[in-house]
Amino acid sequence: NWSKAYINNRAALPLCKLSKKYSCVEDEDLAADLKLHLQSIRKFTHAQDLVDYLSIPANQATHGFKKTISLKTAQRWMMKLGYRWKKEPTGQYSDGHERDDVVYYRQNVFLPAWNEGQSQMRQWDRDALSDPSVLEGDEEIGQRLVVWFHDESTFYANDHRKQRWVHMSEGAVPQPKGEGASLMVADFVSADYGWLRSPDGKESARILFRAGKARDGYFTNENIVAHAEKAMDILQKYYPHEDHALIFDNATTHLKWADDALSARKLPKSPSKSWGITVTKKDSSGKAVLGADGKPLKEKIQMADGELPNGDLQPLYFSKGHVKAGWFKGMAQILIERGYVDALQLRAECKDFKCPSPAGEVDCCCRRLLYSQPDFASVKSVLESSCQARGIKVIFLPKFHCELNFIEQCWGYAKRIYRMLGPSESESVLEQNVINSLDAVPLSSMRRFAVRSARFIDAYQKGLNGVQAAWAIKKYRGHCVLPPSIMQEFDDVHPVPATL
């Protein structure tokens, strides 16, 4: 009929009245059952799971199906149910994050050290984030504390973006294998000033290091201490009107003690003529002395003096004039000089150093008793001693807590820019690309990253663990601190299943 009407009157166009297509998965009961079934499978669900679910006669009868659906239909239904086939979103690393010793250090060492100077730190609001020149609140508190976060990161020559506009005429071309030449960067950053440098930018604390046996070697504790000294030179020269604290990762390279530091680990109980600390022999420039076989030579040095309860120094070796002059005294004699007259009756060490004595009792063996002595228990790292000697505080982050060091996000921002640059065909181009990428990170972004890390610190202060903190930071991403009721809110959203 519509065709004849159109022939008679070409101005009267026919209207197409198609009915709206209806998908069975739009039924709320069916969609709810399918979602519940997929959730029961946990993470690794497939479209085939819907096909299998609707192939069960009981499920077909419940929802009025005569047969199951096809795989193609199941794939469309997965989209309608809110699923997407893509890489799984990743969050912060959780390995060791909630280990007992790590949590103890976070709650009882790091957070108190942070709280001690938090009232002197600048707080960033929207105006300060949008205007990098703002350093607010200086008139309210006289001496400000600027916190500088340290870290290292490595850039690779062949690390560049893989996706771009490719012309249809382009074909496959040979490409380099592997990551290519590397360049390690070590630097300090603060939310107040950005990268650590002089106000005119001519002096910088940044270090570029070509790690490798045949290159600059490896970044050791000596390099870390030298880097800290370089940073402190800039701080005391250009920023003397403020207090400063350096924040380092809790890495063994940063925590290294001096070679002659006090340690009860391998001390003999009785006097010894030959005992000493074995270290690598070094020349006057600090480089290892190599033997004929190319391996570093070793030598023995004496352990540093201890400290008696009255504050006097206690040499750990017999002095001149003694029948055993130059000998190591042994743990028993050291303890006797400290007032433990029965030290000779104690064993040197409990088996495997697993002392059976109750908590608080440390007199089961000489080694445990010496471990508990204040001077042995409070040995500071070389890095900490160097910084404190110049009046600058050092704080070590908890292990596995990279979310507290906002320089990690600065690295990520710089690497995103680096991957957009041209290929680093030589080491000189690699170095220049790395410098340009780092200098392109805006101060306003650094402050946003710092605020995010501060929210994690606030979450841990309120008693949240890693999972709870990550949830809270996402929920309150526009806030500098979390509300006091955050624990109750988390429990309301994540109720604990009832147990019988």
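I started with the packing of α16 on α17: Arg 452, Arg 455, Phe 456, Ala 459 and Tyr 460 in α16 meet Gly 466, Ala 469, Ala 470 and Ile 473 in α17. Contact here means heavy atoms within 4.5 Å. I sorted the residues of this contact into six nonpolar, one polar and two charged, with Gly counted as polar, Ala, Ile, Phe and Tyr as nonpolar and Arg as charged.

Note on the source: this is a predicted model, where local features need pLDDT of at least 70 and side-chain atom pairs pLDDT 80 or more, while totals for chains, interfaces and linings use all residues. Residues are numbered from 1 along each chain, and side-chain values use heavy atoms, with hydrogens and water left out.

Next I looked up the geometry. The axes of α16 (residues 443-461) and α17 (residues 466-475) come within 9 Å and cross at roughly 130°. I have the crossing down as right-handed.

Then α17 itself. Asn 465 caps its N-terminal end, with a side-chain oxygen 3.2 Å from the backbone nitrogen of Val 467. I found Gly 466, Gln 468, Ala 469, Trp 471, Ala 472 and Ile 473 buried in α17, buried being under 20% relative accessible area with a 1.4 Å probe.

Last stop, Ser 190 in strand β2 (residues 182-190). Ser 190 counts as buried because its relative accessibility is 0%. A polar atom of its side chain lies 3.1 Å from the backbone nitrogen of Tyr 193. Leaving aside neighbours within four places in sequence, Ser 190 is in contact with Val 146, Val 147, Trp 148, Phe 406 and Leu 443.

Technical notes: Axes are lines fitted to C-alpha atoms, for helices over the stretch in contact, and angles run from 0 to 180 degrees between N-to-C directions. Helices (H or I, at least four residues) and strands (E, at least two) are DSSP runs, numbered from the N terminus. A crossing is left-handed if the near helix is turned anticlockwise from the far one by less than a right angle, and right-handed if clockwise. Buried means under 20% relative accessible area, exposed over 50%, partly exposed in between (1.4 Å probe, protein chains only). A polar contact is a pair of N or O atoms within 3.5 Å; within protein, one must be able to donate a hydrogen and the other to accept it, and residues adjacent in sequence count only if both atoms are side-chain atoms.
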